[in-house]
Amino acid sequence: MGKVLIADDNRAVQSALELMLSLHDLQTICASSPADAIACVEREPIDLVIQDMNFAADTTSGDEGVALFRELRARDPDLPIILLTAWTHLETAIELVKSGAADYLSKPWDDDKLATSVKNLLALRKARTANRRVVLTRSRARTQLTTQYDLCGVVYESDAMHEVVAIACRVAKADVPVLITGPSGSGKEKIAEIVQRNSAVRDGPFVRVHLGALPAELVSAELFGAEAGAYTGANKARAGRFEAADGGTLFLDEIATLSLDGQVKLLRTLQTGQFERLGSTQTRSVKVRVIAATNVDLRQAIKAGQFREDLFYRLNVIELKVPALADRSEDVAPLARSFVDNAHRLSSGAVDALETYVWPGNVRELQNCIRRACLLATSAEITAADLGLAGAIVEPRPLEEPDKDTIERLLARHGGVVAAAARELGLSRQALYRRMEKFGIDIPQ
Ligand SMILES: Nc1ncnc2c1ncn2[C@@H]1O[C@H](COP(=O)(O)OP(=O)(O)OP(=O)(O)O)[C@@H](O)[C@H]1O
Ligand SMILES: [Mg+2]
């Protein structure tokens with residue numbers, strides 16, 4: 001565990017604390033003056049300080065303690081400091097606690113209370129250090145992505161989505177087909193946009209075909225074009241989407257709905273870049289970057305004989321899997337805020353409700369829900385009731401609103417791991433963060 005610095009000029013206090021802390025398997029080191037204490041933290045890693053307010057025998061002002069506290073804080077703003085103080089300096093101690101000391105205890109202290117406080121603070125510090133490392137690496141990676149690529153306004157907070165966006169950016173430049181999979185409304189088209197916008201052909205056309213919306217008999221004409229009279233209603237010759245996308249990107253949405261006949265034609269065009277318009281024998285050539293998307297499990301469709309395996313492998317050189325919104329609940333609040341118009345804001349109860357709902361329709365459902373709430377809300381603040389999520393599958397809510405003590409206790413018990421404490425409270429992680437913010441509890445990161 002961590003090392004505790006005891007800064008007190010009273011030898012009896014030093015040894016009493018040393019003994020007490022050693023019983024809890026904690027390492028200690030003692031300093032008898034503020035200068036000693038500073039030398040200690042400069043010399044070796046210290047995880048917590050227990051400090052007196054008065055050092056020189058002739059002063060009782062507490063000024064030395066305040067100066068030491070300030071100096072320690074300046075060196076390491078996160079170093080937990082417990083102030084041991086005589087009742088005469090309680091007010092000063094309280095002031096310091098407000099300015100960020102971790103805790104204060106009046107002399108004579110209660111051993112159990114002190115030991116608990118030390119352990120909790122050490123656990124929090126440990127979790128915070130580990131978290132900070134993760135957060136730092138993560139935020140560096142994210143900044144890098146934003147500066148290097150056009151992210152088309154994609155909003156996310158989760159690592160899962162960051163992975164997808166990062167891979168989309170990386171593969172954008174390569175001239176390979178990309179298959180984007182994921183449930184309906186999860187943001188597949190958004191990812192397709194990112195691939196297109198960061199590709200070598202970003203200045204070329206970007207043509208989108210929603211295959212699911214086309215009657216099967218019209219798909220070929222739509223993709224490859226048709227000569228006049230090629231089919232009933234084809235009065236004049238028209239170019240297909242492949243031709244329109246020449247030198248650019250063709251986005252084939254809902255690829256699984258393509259008929260087996262359409263699949264054969266598409267495969268050939270992907271392999272050779274060649275095709276004929278319907279009713280024509282003239283072979284045409286195009287250079288098109290194809291991005292396909294589907295919310296269907298194509299591997300299953302292959303097994304069921306509904307999708308050609310060779311086409312699958314052709315399209316699936318790179319597969320980008322967009323996770324369901326329910327699997328990345330950190331994204332719900334930032335997405336919701338991004339959808340709220342300028343005239344409204346979300347109440348914290350509304351955010352709680354959004355975060356506990358499961359979103360079977362994913363981001364699109366969230367977007368619609370917020371748009372509707374903006375229209376229907378009777379005040380500038382959108383409440384949980386305005387969201388109309390009644391009948392939603394809502395996780396059990398906590399029976400009682402947890403107080404500051406409960407939250408701190410649980411955080412300490414879970415070593416500062418917010419997700420674990422939240423689970424025990426029956427709250428979402430974000431909901432617990434908001435309560436920590438309200439109570440001024442440091443977020444361990
Ligand atoms: N991460 C995101 N950030 C911002 N907007 C998003 C994000 N994900 C999705 N959207 C928005 O949500 C809506 C639905 O997303 P999109 O159309 O990309 O989903 P989809 O997976 O293609 O859905 P479908 O399967 O129905 O075709 C769009 O308006 C899109 O701009
Ligand atoms: Mg789509």
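## A tour around ligand 1

Let's begin at the ligand: domain 2 (149-323) and domain 3 (326-387) both give residues to the shell around ligand 1, so ligand 1 lies between them. The domain bounds come from an automatic or database domain assignment. What you have open is a predicted model, where local features need pLDDT of at least 70 and side-chain atom pairs count only at pLDDT 80 or more, while totals for chains, interfaces and linings use all residues. Residues are numbered from 1 along each chain as its sequence is written, and chains are lettered from A and ligands numbered from 1 in the order in which they are written.

**Stop 1: the shell.** Select ligand 1 and what surrounds it: 17 residues, each with its C-beta atom, placed from the backbone, within 6 Å of the ligand. The closest are Val155, Gly187, Lys188, Glu189 and Val363. Now color helix 7 (188-197) and helix 15 (362-376), the elements that give two or more residues to this shell. Helices here are DSSP runs (H or I, at least four residues) and strands are runs of E (at least two), numbered from the N terminus. Color by class and you get five nonpolar, seven polar and five charged residues. Nonpolar covers Ala, Val, Leu, Ile, Met, Phe, Trp, Tyr, Cys and Pro, charged covers Asp, Glu, Lys and Arg, and the others, Gly among them, are polar.

**Stop 2: the largest core.** Which residues have the most contacts inside the largest nonpolar core? Select Ile180 and Ile191, in a core of 43 residues. A core like this is a set of buried Ala, Val, Leu, Ile, Met, Phe, Trp, Tyr and Cys residues joined through C-beta atoms within 7 Å; buried takes 20 or more other C-beta atoms within 10 Å of a residue's own, with C-beta atoms placed from the backbone. Next, pick helix 6 (159-172), one of the elements that supply at least two residues each; helix 6 gives the most, with five.

Zoom in on Ile191: leaving out residues up to four places away in sequence, Ile191 touches Val164, Ala168, Ile180, Leu320 and Val322 (contact means C-beta atoms, placed from the backbone, within 7 Å).

**Stop 3: another core.** Apart from that core lies another, of 41 residues, including Met53, Phe69, Ala422 and Met436.

**Last stop: zoom out.** Show the whole protein, with its 18 helices and 16 strands. The C-alpha trace spans about 105 × 50 × 40 Å along its principal axes. Select domain 1 (3-127) along with domain 2: their centres, taken over C-alpha atoms, are 65 Å apart.

Key:
Buried ≥ 20, exposed ≤ 12 C-beta atoms within 10 Å, placed from the backbone. Contact = placed C-beta atoms within 7 Å.
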